[in-house]
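Thanks, everyone. I have one chain to show you today. Please have a look at it before I start.

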Amino acid sequence: MSSSAATPSYGEAARKRGLRGAAARARGVRAGRGWPFVLPYLPFLIAFGIAPMIYALKLAFTNSGGGWVGFHNFSHTVNDYRFGPAFKHILLYTGVWLGALVVFVVVLALLLHGRANRVSSTFRFLFYIPGALAGAASVLVWLFMLDPSVSPGSFLLHHVLGSHLFVESIAPGHLPFIFAMIAFWTGAGGWIVVMYGALNTIPQDLEEAARIDGAGPIAIALRLKLPLIRKWIAYMVILSFATGTQLFVEPQIVNQASLGLVPDTWSANQLAYQEAFRYADFNAAAAIAVDLLAIGLFAAVLIVTRTGLFRTED
């Protein structure tokens, strides 16, 4: 074989460099088109996201006089007898909620995607309605539903929870599952709409090719659709995990409705609130906030690296 055939010619190498350059310029153009959508958000991100985070970091490593104390605030809060149970409650609640969210949202979105447009749009609207309620309003609705004396589902409370009184329905062992149920009821509909939109980005040609090859609806859902919306599922898990660790409204309202039966430090955010506004220890509250930030960042990095969320295909 001649050397000219074994090695690419100068013209071919130049053509490949030109193609790579054109692809890079195309990516640059696509990236530039996104800036008008991103720039209006940046001031709000800095003012209400980055700046408070920097201020919390400063408080977490200083004392009330502004002096540097290192990790003293973190050790002080960790040694608090309420710290461990609060974070245990949050992690249990978040695990239950995320498990239900991933399974039911993905399954319902796949089922709706296979239906006629009129049917799926009706169900998407019905699923989304609970999300229109604010967090406090949804908790009040569920307080009504969890009271066996007035709840229309009192027979379920009797048989599933074995409760005949409101205080039995909100027993400590039930709370992570109750809060997960409330969060799913209010948040799942919005994610179903998002997942349905992600499924609509799958080219019809791929589905038709799979049907020609003999794949049924279940095989198409599991082997075609599910892998193609994997990044959307990872995105949902990251945001939902961050939201779950910030739980505050639900246990706070249940605490007031139960006249203190549920402790006012049930969640980590509640504990931080008590440290700041009952004991005026803003440094300890900031340390708890930084702990939650670290947990959220660790989970986000783990999910991003495992799923390739930001990986692009040229």
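I will go through the fold, the salt bridges, one glutamine and then the pockets.

Some ground rules. This is a predicted model, where local features need pLDDT of at least 70, side-chain atom pairs count only at pLDDT 80 or more, and totals for chains, interfaces and linings use all residues. Residues are numbered from 1 along each chain as its sequence is written, and side-chain values use heavy atoms, with hydrogens and water left out.

First, the fold. The chain has 16 helices and 0 strands. Those are DSSP runs numbered from the N terminus: helices are H or I with at least four residues, strands are E with at least two. Of the 314 residues, 35% are buried. Buried means under 20% relative accessible area, exposed over 50%, and partly exposed in between, with a 1.4 Å probe and protein chains only. Now contacts, meaning heavy atoms within 4.5 Å. Take those with a separation of 6 or more: 65% of them join residues 24 or more positions apart. The accessible surface is about 18,800 Å², and carbon and sulfur atoms hold 69% of that. The method is Shrake-Rupley with a 1.4 Å probe; for residues, only the protein chains shown count as cover.

Next, the salt bridges. How many does the structure hold? There are 5. The criterion is a side-chain nitrogen of Lys or Arg within 4 Å of a carboxyl oxygen of Asp or Glu. Asp80, Arg82 and Glu275 form a linked network. Arg82 pairs with Asp80, with the closest N and O atoms 2.8 Å apart. Arg82 also pairs with Glu275, at 3.5 Å. Buried or exposed? Arg82 counts as buried, at 14% relative accessibility. Asp80 is buried too, at 15%. Glu275 is buried at 5%.

Another bridge joins Arg278 to Asp264, at 3.0 Å between the closest N and O atoms. Arg278 is in the loop between α15 and α16, and Asp264 is in the loop between α14 and α15, 14 residues away. Arg278 is exposed, with a relative accessible area of 52%.

Asp264 brings us to the glutamine. Gln252 is in helix α14, residues 249-257. Gln252 touches Asp264 and Gln270, leaving aside residues up to four places away in sequence. Gln252 is buried, at 13%.

Last, the pockets. On a 1 Å grid over the protein atoms alone, a pocket is an open set of points with protein on both sides within 12 Å along at least five of seven lines; lining residues have an atom within 4 Å of a point. The largest pocket holds about 660 Å³. Its lining has 24 residues, with Phe48, Gly49, Pro52, Met53 and Leu293 nearest the centre. Helix α3 gives the most, 9 residues. By class, the lining has 21 nonpolar, 3 polar and no charged residues.

The second largest pocket has a volume of about 400 Å³. It has 19 lining residues, and Leu110, Pro217, Ile218, Ala221 and Lys225 are the closest to its centre. Helix α12 supplies the largest share of that lining, 7 residues. Here the classes are 11 nonpolar, 4 polar and 4 charged.

Definitions and conventions. 1 Å grid on protein atoms, 1.4 Å probe; cavity = no way out; pocket = protein on both sides within 12 Å on 5 of 7 lines; lining within 4 Å. Points joined across faces, edges and corners; volume = space filled by probe spheres on them. Nonpolar A, V, L, I, M, F, W, Y, C, P; charged D, E, K, R; others polar.
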